[in-house]
Amino acid sequence: MATINPADTAWMLVSTALVLLMTPALAFFYGGLVRNKNSLNTMMMSFVALGVVGVTWAVAAYSLAFSEGGPFLGGLANIGLQGVGTEAKGTIPHVLFMAYQATFAIITAALISGAVVERMRFGPYVAFISLWTLLVYAPVAHWVWGGGWLMTLGALDFAGGTVVHINAGVSALVAAVVLGFRKDYGRTAVIPHNVPFVLLGAGLLWFGWFGFNGGSALAANGLAALAFTNTFLAPTATLVVWTLLDYFRTGKATAVGGATGIVVGLVAVTPAAGFISPLSALILGAVAAFPSYFMIQLRSRTRIDDSLDVFAGHGVGGLTGALLTGVLAQKVWNPAGSDGLLFGNPHQLAVQALACLSAAAYAGIMTLVILKGLSLVVSLRAVPRIEGVGMDVSQHGEEAYASGEGSILVHPDVLAVEELSGVLVPATASAQ
Amino acid sequence: MKLIVAIIRPDRLNEVLEALYRCEVRGLTVSRVLGHGGETERVETYRGTTVKVDLQEKVRLEIGVSEPFVVPTVNAILKSAHTGDVGDGKVFVLDVAQVYRIRTGEQNEAAVTPAEPVVSG
């Protein structure tokens, strides 16, 4: 009979909060990369996931992902969080496991927004991520972590290279194609409006990622320490290589490039964190810079307006990480894992490739179905006129950097009226 | 010799600059301004505070041109700044008494003719 371990529980409580912080961090990362007039809308696309995906997860998606079911989908035993109490699930309380997994679902849905910013209407976006969580995230999470067919097959995905990053990256690519490119794309300069936000976001993502990967051990033990350390090491190597690539290509080490390099390193180490040695993590981080870097260069020469390069960062980064897991994994470091290609087990690489392909195919097709379905009911995009005005004012009725100049108060509140009449009464009295 | 003053939407600026570049208008001044052209009011809400944004952000272009350039310049702006909604802006064409180019002291037509690029000493 499983019992609750206090140390494990303490670490998982902290990890859950760390991973939750990654979504606001992503809001800053994405928000800085877009233009001033779309910055609030872009940040809200991440923040709103905290709400709607959180609710969707608790109500139904958790059960579909993690309760006992078939090879392709979980059951309905935990619908509405029935049967999710403080009893042990592994060595931590079941409710905590549910909350921890919820934070993953939230950020995965929010990641997709980077491909459709500056043009997708807010309402249809909210509908899309709710449906996507139910129909794409929950099944794929079940395949890999919830006892589904990829888990049975022995695919290694420590913290979500396939479930989170390939899943979100491929969905983002499809969403970018379905939505079409922004009206200014390739015509006028569309450049980041706040690079410090981008750096802040990347820094906070790294911080939160220690909970993402370190917490995926689901315990406070040596495995958590390994995953934690690899999460520190891999991005250091990616940052160095990315900066060098930037330097040799443009003659400058760019800040946006550095921030992107950190995120790509984090993505790539995610599936591998608990299966590879720290030295392998450095190698993995360094290697992972190349495919994503060149995919960004390549993508920006196409008409595919994956605006913030979610596919290059998360899709390609996740794929690189998942495949390298099949190369660099060592049973010496994690007996529950497998040996990879370099350690005499080429079969693992084939399993990894199959997991990547099936998740990518499923995510791509389902995203297409959901978006096409939604577009029958509502228009997904803002009209060009509204796109020109900006999504902050048009979708939210707010500006990121409002001056208040030229604005007239519409409903003065009670206090203001009283203050005003206080001044006016003596003046009126003296006039009589 | 005229001074063309145009008030346009900020989100049309790139299109207007492109159109001006195409008809070889090179010298211009751009400023961000606030103004109102009778467009539908925009309402913004911040917690309990609701405001009506009465003055909209606009961009003001000032272009000094010689006579042959007046019509092409005005047409370029009219076409490129047009969306068809209230608030597209205005183009004013003003007579100019005198123009001096500060660098050379050239006057009038010579002062609003683009400088010849310096090829060699």
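Author: Two strands count as paired if DSSP finds at least two bridges between them. In this predicted model, strand β3 (residues 42-46) of chain B and β4(B) meet that condition with five bridges, running in the antiparallel sense. B:Tyr46 stands opposite B:Thr49 of β4(B). The hairpin formed by β3(B) and β4(B) has two residues between the strands, and B:Arg47 takes a positive phi there, near 50°.

Strand β4 (residues 49-53) of chain B also pairs with β3(A), again antiparallel, over three bridges. One position in this pairing can be named: A:Ile408 has B:Lys52 of β4(B) as its bridge partner.

The contact between the chains takes 16 residues from chain A and 17 residues from chain B. On the side of chain A that touches chain B, α13 (384-389) and β3 (407-409) each supply at least two residues. By class, that side of chain A has five nonpolar, six polar and five charged residues.

Chain B itself has three helices and six strands. Read from the N terminus, the order of its elements is β-α-β-β-β-β-α-β-α. Its C-alpha trace spans about 65 × 30 × 25 Å along the principal axes. The radius of gyration of chain B is 18 Å, whereas a compact globule of 121 residues would have one near 14 Å.

Within chain A, a helix pair can be set beside the contact between the chains. The axes of helix α2 (residues 39-66) and helix α4 (residues 122-144) of chain A come within 9 Å and cross at roughly 40°. Angles under 35 degrees count as roughly parallel and 65 to 115 as roughly perpendicular, so α2(A) and α4(A) are oblique to each other. The crossing of α2(A) past α4(A) is right-handed. Residues in this contact include A:Met45, A:Val52, A:Trp57 and A:Leu64 of α2(A), and A:Phe122, A:Ile129, A:Leu134 and A:Tyr137 of α4(A). The contact of α2(A) with α4(A) has 19 nonpolar and five polar residues, with no charged ones.

Technical notes: Residues numbered from 1 in each chain as written. Chains lettered and ligands numbered in written order. Predicted model: local features only at pLDDT ≥ 70, side-chain atom pairs only at ≥ 80, totals over all residues. Axes fitted to C-alpha atoms, helices over the stretch in contact; angles between N-to-C directions. Helix = DSSP H or I, 4+ residues; strand = E, 2+ residues; numbered from the N terminus. Parallel < 35°, antiparallel > 145°, perpendicular 65-115°, else oblique. Left-handed = near helix turned anticlockwise from the far one by under 90°. Contact = placed C-beta atoms within 7 Å. Nonpolar A, V, L, I, M, F, W, Y, C, P; charged D, E, K, R; others polar. Rg over C-alpha atoms; globule rule 2.2 N^0.38 Å.
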